[in-house]
Amino acid sequence: MNAIEIRGLNKSFGEKKALSEFNMTVPVGSIYGFIGENGSGKSTTEKIICGLIKHNGGSIKLFDRDYLDDDVKAKIGVLIESPGCFPNMSVWNNLMLQASNLDIKDKKGEVKRVLSLVRMEGSASNKYKNCSLGMKQRVGIAMALLGNPKLLVLDEPINGLDADGMRIMREVLLDLSKSGITILISSHILGELEKIATHYGIIRGGKMLIEMTDSELSKSCRTFIKLKANNQDTKMVLLQKYSEIKVDENDYIRVYDREECENIVTYLYENGILVSEIKEDKISLEEFYIDLMEERVNNGI
Amino acid sequence: MDKSYEFEKPTFIKRIKGMLGVDFYRLFHTPVFYIFLIISAIIPAMVLGMTGTTSPNGEITPLYTNTWQIIASNEPMYAVKSISEYANMNMVFIFGGIMISIFIGHDYKSGYVKQLFTTHPKKQDYMISKTLLGTFSMACMCITYLLGGFVAGLICGYSMDVNFGSLVCAILGKIIMSLGWASLYTFLNVLFRKFFGISIASSFFLGTGILIIGVGSVVGNSTMLNLFLYGSSVYACLSSNFVTIIVCLVCSLMWALIYNLIGTLVLSKCDVY
């Protein structure tokens with residue numbers, strides 16, 4: 001069974017087509033990384049799934065049921081853009097209000113449970129407006145977790161978070177996934193997404209370009225050899241012979257052709273530069289995504 | 001992974017109970033509600049104590065001759081000739097309109113509506129909950145208005161003579177009309193949800209009853225005007241009887257139903273922002 005199954009989804013805003021024959025399959029229990037440029041249709045898709053905006057055709061099924069069925073909607077937790085909280089109320093009161101909306105019997109117990117899931121037990125009495133961005137995002141996730149949802153739809157939950165905020169968010173999402181919740185998460189921070197997602201979907205211009213599992217992604221990502229030489233002239237020396245050589249942000253020289261690697265090491269040695277480190281690596285999700293986008297642009301898609 | 005899930009269908013009672021709980025909690029914790037209660041008490045006191053006409057020899061004649069005229073006019077006067085025929089408990093419906101606009105505007109501004117409609121509540125639940133909340137608020141304002149007017153009347157030494165039964169019928173009639181007015185304001189605010197300024201201005205404009213006053217000045221004091229919210233509100237006057245309550249009840253329920261249905265339709269047909 002799939003948590004989300006979308007087939008042939010279309011959505012237009014006036015003349016502008018936001019989604020065109022869009023398909024998506026999110027398996028139960030997965031963390032689905034939903035990737036795309038700004039304006040590619042990620043948020044529109046998520047808002048349609050949550051019933052906030054209407055589509056112009058196609059089918060959406062959640063757990064093999066119509067996505068607008070009341071009982072199914074009651075089991076979806078959502079964080080779209082920012083949490084719908086009242087700024088002058090405390091975190092606790094905001095969560096209690098949402099628990100009331102959902103008519104949860106043991107409200108206090110449930111609010112305590114979700115606060116502990118997002119590691120915010122100590123900040124319950126803080127006014128929402130005084131919370132940091134990371135805390136606000138976690139309040140949003142706590143709110144989405146009320147009522148024990150089976151599916152979480154998160155729109156850019158890690159944007160703007162500092163390193164610590166991201167780490168906490170990552171741990172929270174992994175814990176939730178372990179407890180059996182399916183998570184659909186969109187983000188531009190692909191490096192972070194790569195650490196948690198089990199499935200990926202890449203959208204461009206309102207169409208799903210590719211869907212794959214993390215193991216499929218791993219196979220699709222090109223491998224390369226990383227070389228490091230502790231000499232500031234390395235790049236200049238190399239460029240004299242190898243005009244297309246790539247040096248990454250950590251000063252590693254990237255060689256995509258294994259056979260060429262030996263020649264480069266020899267060439268550097270001949271020029272008095274010793275290679276201190278050689279290791280194999282593969283391109284990141286971000287690089288895979290950029291390659292894919294460039295390929296599409298070059299092919300005029 | 002093949003797994004089947006069972007979902008529990010939330011009943012209407014469960015949905016509305018939760019939403020009303022939230023709305024009333026917010027109402028009692030928002031200063032705006034108390035501010036409007038105070039305004040509702042102060043305005044009649046100010047109108048009673050500070051209005052009058054000055055004669056050529058400098059003598060001030062009060063606009064009102066009786067305390068209870070600040071609650072309702074002596075007769076149903078749809079087309080007003082003086083401020084004393086207009087300024088009565090019907091003013092509460094203007095305050096109520098502004099308060100509901102602020103309340104619903106805050107719902108949209110804070111993202112609460114977005115959060116709400118991603119869970120199980122339906123659009124009709126939202127309309128019903130906000131209408132009931134508005135009704136309660138305006139009923140409370142009617143009571144503080146009554147208290148403010150009564151105290152001011154005592155202090156200013158106005159006559160207290162009144163047919164008590166008619167007064168009770170008039171007050172009850174106006175309180176009943178709160179339901180219809182609240183549904184109108186909820187509808188207006190849902191309709192203009194993206195434009196807070198227009199929401200509040202339209203609520204104020206219709207709350208003044210200016211359309212019915214205009215029609216009244218053309219067609220005269222026609223009982224047909226009781227079909228409308230302002231008409232029935234005016235009909236609840238100091239010569240009211242049990243029939244007045246029935247008229248107010250029918251008019252209020254009819255418009256509450258109409259506005260709730262249209263409002264639900266508007267919300268259902270449009271995207272949530």
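Okay, let's start with helix H1 of chain A, residues 42–49, which is mostly covered: 8 of its 8 residues are buried. Buried here means 20 or more other C-beta atoms within 10 Å of the residue's own, exposed means 12 or fewer, and partly exposed is in between, with C-beta atoms placed from the backbone. Helices are DSSP runs of H or I with at least four residues, strands are runs of E with at least two, and both are numbered from the N terminus. The buried set in H1(A) includes Lys42(A), Glu46(A) and Lys47(A), along with Ile48(A) and Ile49(A). Just after H1(A) comes Gly51(A), with a positive phi of about 80 degrees.

Quick housekeeping. This is a predicted model, where local features need pLDDT of at least 70 and side-chain atom pairs count only at pLDDT 80 or more, while totals for chains, interfaces and linings use all residues. Residues are numbered from 1 along each chain as its sequence is written, and chains are lettered from A and ligands numbered from 1 in the order in which they are written.

Now chain A as a whole. It has 11 helices and 14 strands, and its C-alpha trace spans about 75 × 45 × 35 Å along the principal axes. Of its 301 residues, 41% count as buried. Take the contacts in chain A with a separation of 6 or more: 72% of them are between residues 24 or more positions apart. A contact means that two C-beta atoms, placed from the backbone, lie within 7 Å.

Which residues touch the most other members of the largest nonpolar core? They are Leu95(A), Val139(A), Ala142(A), Val153(A), Ile183(A) and Leu184(A), in a core of 78 residues. Helix H5 of chain A, residues 133–145, gives the largest share of this core, 7 residues. By nonpolar core I mean a set of buried Ala, Val, Leu, Ile, Met, Phe, Trp, Tyr and Cys residues joined through C-beta atoms within 7 Å. Leaving aside neighbours within four places in sequence, Leu184(A) is in contact with Ile4(A), Val26(A), Tyr32(A), Phe34(A), Val153(A) and Leu154(A). Apart from that core lies another, of 70 residues, with Phe33(B), Leu37(B), Ala45(B) and Cys142(B) among them.

Val26(A) and Tyr32(A) come up again with His199(A): beyond four places in sequence, His199(A) contacts those two plus Pro27(A), Ser30(A) and Thr213(A). His199(A) sits in strand S9, residues 199–204. Buried or exposed? His199(A) is buried, because it has 20 other C-beta atoms within 10 Å.

Asn88(A) is another story. It lies in the loop between strand S6 (76–79) and helix H3 (91–101) of chain A. With 15 other C-beta atoms within 10 Å, Asn88(A) is partly exposed. The C-alpha atoms of Asn88(A) and Lys127(A) are 6.0 Å apart, though 39 residues separate them along the chain.

On to helix packing. The axes of H3(A) and helix H4 of chain A, residues 107–117, come within 10 Å and cross at roughly 125 degrees. Axes are lines fitted to C-alpha atoms, for helices over the stretch in contact, and angles run from 0 to 180 degrees between N-to-C directions. So H3(A) and H4(A) are oblique to each other: under 35 degrees is roughly parallel, over 145 roughly antiparallel, 65 to 115 roughly perpendicular, and the rest oblique. On the H3(A) side, Trp92(A), Leu95(A), Met96(A), Ala99(A) and Ser100(A) meet Lys107(A), Glu110(A), Val111(A) and Val114(A) in H4(A). That contact divides into 6 nonpolar, 1 polar and 2 charged residues. For those classes, Ala, Val, Leu, Ile, Met, Phe, Trp, Tyr, Cys and Pro are nonpolar, Asp, Glu, Lys and Arg are charged, and the others, Gly among them, are polar.

Last, the interface: 28 residues of chain B are in contact with 32 residues of chain A. H1(B) gives the most to chain B's side, with 7 residues. That side divides into 12 nonpolar, 8 polar and 8 charged.
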